[in-house]
Amino acid sequence: MSTSVPTEETLLSVPSIADPSAPLTDSYTYHSPTPTAEGPYILGVDEAGRGPALGPMVYGVAYCPLAYKEQLEQLGFADSKTLTAQIRSSLLETLGSDPANLGWSVRVLGPKGISAGMLRRPPVNLNQQAQNATVLLIREALARGIELTEVYVDALGKTTTYEAYLSSLFPDISFTVQAKADQTFKIVGAASVAAKVTRDAWIDGWIYEENIPPPELEITSKFVRDPTTNTDTKVDPGEFKGQGKWTGVTGSGYPSDPKTQAWMRNSMEPTFGYPSFARFSWAPIKIALEKTAHPVEWIDDGEASLRQAFASATARDKDRCAVARDLGLTSVSML
């Protein structure tokens with residue numbers, strides 16, 4: 001896992017993050033330059049950040065000509081979780097070192113998008129979101145002119161069902177879907193590196209959008225009152241940017257990580273909850289909000305007066321059936 005805070009120079013070296021000084025507000029896709037070597041191509045798929053309660057989930061793909069497979073075996077790609085952060089960064093550079101033969105892409109699913117999907121009605125669960133990201137990346141590789149004949153996918157659960165589904169969408173491609181594919185197929189290990197390096201860079205350099213006022217509300221001046229003298233002092237508004245309480249080490253984002261647990265305890269605002277860095281659809285976040293945050297009852301405009309109107313019963317309603325009472329129906333003497 002990566003919990004160190006890199007320099008801005010380090011973040012800038014990750015091509016899949018265009019602007020490390022800007023917050024992640026929406027999901028997006030990044031593509032490396034399209035390889036020019038003749039096909040057919042093989043492609044690997046893997047993800048990083050499926051289980052954490054914090055930050056984005058990133059799906060990555062890597063692809064190369066089938067004829068390049070022997071060279072790929074010698075480049076050192078493997079399950080990114082078994083590699084150090086330094087080696088992963090070096091391997092990402094390797095992915096970009098031979099643009100004629102090697103290409104990669106990532107789909108970054110922001111925590112807000114993940115939560116919105118899982119909390120909507122009907123919900124789009126994480127499996128469906130992961131599946132959508134995989135299909136999108138394969139389709140966009142094909143759209144860029146990559147002739148795919150073999151695709152290898154690292155997946156959990158019923159891999160045979162998933163493999164059949166992907167084969168039905170892309171009948172001209174031979175799919176292999178299996179658990180721990182990043183340990184078996186080097187092209188999946190390359191995809192794992194692309195996904196992991198991208199997620200770690202976002203986590204380590206996270207910019208809280210809650211600390212950045214929207215352009216239409218940009219502060220041009222600010223006054224601070226001294227309560228001892230009742231005087232206002234004008235200060236530079238820049239001093240107030242980035243001063244939110246959501247700072248410090250976040251850990252890996254997994255609920256079992258003590259550093260992540262500490263962040264969750266210290267970052268709770270009782271009225272407004274957590275910043276958008278947290279996945280509100282995750283059980284640990286929900287439980288923390290239920291235990292610590294202020295309870296909120298949402299009442300639509302006009303609902304309060306309607307409740308009051310139907311709350312009291314008269315003698316006319318005293319012996320009415322339970323259904324009528326439960327529905328809040330009352331009798332009227334005239335229409």
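Biologist: Which residues does threonine 198 touch, not counting residues up to four places away in sequence?

Modeller: This is a predicted model, in which local features need pLDDT of at least 70, side-chain atom pairs count only at pLDDT 80 or more, and totals for chains, interfaces and linings use all residues. Residues are numbered from 1 along each chain as its sequence is written, and side-chain values use heavy atoms, with hydrogens and water left out. Taking contact as heavy atoms within 4.5 Å, threonine 198 touches Val14, Ser16, Ile17, Tyr28, Val58, Trp104, Val106 and Val108.

Biologist: Is threonine 198 buried or exposed, and in which helix is it found?

Modeller: Buried means under 20% relative accessible area, exposed over 50%, and partly exposed in between (1.4 Å probe, protein chains only). Threonine 198 has a relative accessible area of 0%, and is therefore buried; it is found in helix H7, helices being DSSP runs (H or I, at least four residues) numbered from the N terminus, as are strands (E, at least two). Because 18 of the 19 residues of H7 are buried, that helix is largely enclosed by the rest of the structure.

Biologist: What span should H7 have, and how far apart are its end C-alpha atoms?

Modeller: The expected span of a helix is 1.5 Å times one less than its number of residues. For the 19 residues of H7 this gives 27 Å, which agrees with its end C-alpha atoms being 27 Å apart.

Biologist: Which residues is leucine 95 in contact with, leaving aside its neighbours within four places in sequence?

Modeller: By that criterion, leucine 95 is in contact with Ala62, Phe77, Leu102, Trp104, Ala190 and Ala194.
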